[in-house]
Amino acid sequence: MTQYHVLIPCAGSGSRMQSASPKQYLPLNGKPILRHAIDIFEAMPIVSQIFIVIAAADAYWSDELLQGCHKTKVLPCGGESRAASVYQGLQALVSQVDSEDWVLVHDAARPGIDAEIVQRLIDAMQAQDIGGLLALPLADTLKRADDTQHVSATIPREALWQAQTPQMFKIGMLEQALASCLERQPTDEAQAMEWAGYSPKLVLGDLKNLKITYPHDIAVVSGLMQATQSEQDTR
């Protein structure tokens with residue numbers, strides 16, 4: 001029976017956050033940013049295992065962060081890039097899973113994910129699909145800048161989407177795709193699969209599934225999460 005596993009690359013330093021510790025460990029609404037995503041996946045019966053890929057020398061990691069978790073394991077094999085961390089994480093778990101199982105790769109800094117969004121991605125995949133990712137159609141007009149930060153062109157936004165996570169693929173196929181292109185440094189799993197000749201499916205994501213990158217993002221994501229919770233409480 002096909003199983004669903006989650007892999008969360010968590011070896012980045014988050015330098016753009018300008019914080020003392022990596023952004024995944026910063027507090028958000030009463031708990032570390034990383035723990036929000038872990039709790040969502042822990043509570044989903046369809047998810048078999050959750051793997052957190054950290055750097056071997058991560059001085060900020062504490063096992064207390066997984067207190068009360070039952071399906072989550074830590075893999076201290078993170079690499080110098082996101083792609084390297086995912087690839088090395090897949091290699092570390094390959095003996096524990098089937099190559100035909102699905103893996104959902106999720107950013108540690110996307111705490112706004114919820115079970116409904118994840119299930120939407122899972123339900124969108126058919127047996128013949130190679131996998132897909134959550135994404136949002138772009139709403140803003142896009143401008144290309146020249147070397148002096150003046151507009152050089154307006155880019156049509158039709159058919160353009162902003163990638164989110166989870167990104168969901170068969171474990172064996174994703175491992176092979178990453179192995180063939182690590183030196184090209186793909187920015188996400190979908191790009192690795194594209195370079196391998198596949199066309200991942202786009203599945204509608206959610207605004208609150210924003211990736212925390214800059215300091216002000218914490219307040220934005222916190223507000224979106226609280227607004228969603230308030231809306232659910234009034235139903």
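Student: Where is S21 in this model?

Tutor: The model is predicted. S21 is in the loop between strand 1 and strand 2 (27–28).

Student: Why is S21 called buried?

Tutor: Its relative accessible area is 17%. Buried means under 20%, so S21 is buried.

Student: What does S21 touch, leaving aside its neighbours within four places in sequence?

Tutor: S21 is in contact with L26 and Y60. Contact here means heavy atoms within 4.5 Å.

Student: And L204: what makes L204 partly exposed?

Tutor: L204 has a relative accessible area of 45%.

Student: What is the strand order in the open sheet?

Tutor: The sheet has 7 strands in the order 5-4-1-6-10-7-11, and the pairing is mixed.

Student: What makes strand 5 and strand 11 edge strands?

Tutor: Strand 5 (72–75) and strand 11 (201–204) each pair on one side only. The twist from one strand to the next averages 30 degrees.

Student: How do you know that strand 7 and strand 11 pair?

Tutor: Pairing needs at least two bridges. Strand 7 (residues 131–137) and strand 11 have 4 bridges, in the parallel sense. They therefore count as paired. L134 stands opposite V203 in strand 11.

Student: Which helices pack on the sheet?

Tutor: Helix 1 (residues 33–42) packs on the sheet, touching strand 1 (4–9), strand 4 (47–53), strand 5 and strand 10 (161–170). The direction of helix 1 makes about 160 degrees with that of strand 4. Helix 3 (residues 115–124) also packs on the sheet, and its contacts include strand 6 (102–105) and strand 7. The direction of helix 3 makes about 145 degrees with that of strand 11.

Student: Why is strand 1 called mostly covered?

Tutor: Of its 6 residues, 6 are buried. Each is therefore under 20% relative accessible area. Y4, V6 and I8 point one way, and H5, L7 and P9 point the other way.

Student: How many bridges join strand 1 to strand 4, and how many to strand 6?

Tutor: Strand 1 and strand 4 run parallel, joined by 6 bridges. H5 has Q49 as its bridge partner in strand 4. Strand 1 and strand 6 also run parallel, with 4 bridges. L7 stands opposite V105 in strand 6.

Technical notes
Residues numbered from 1 in each chain as written. Predicted model: local features only at pLDDT ≥ 70, side-chain atom pairs only at ≥ 80, totals over all residues. Heavy atoms only, no water. Helix = DSSP H or I, 4+ residues; strand = E, 2+ residues; numbered from the N terminus. Axes fitted to C-alpha atoms, helices over the stretch in contact; angles between N-to-C directions. Buried < 20%, exposed > 50% of the residue type's maximum accessible area, 1.4 Å probe, protein only.
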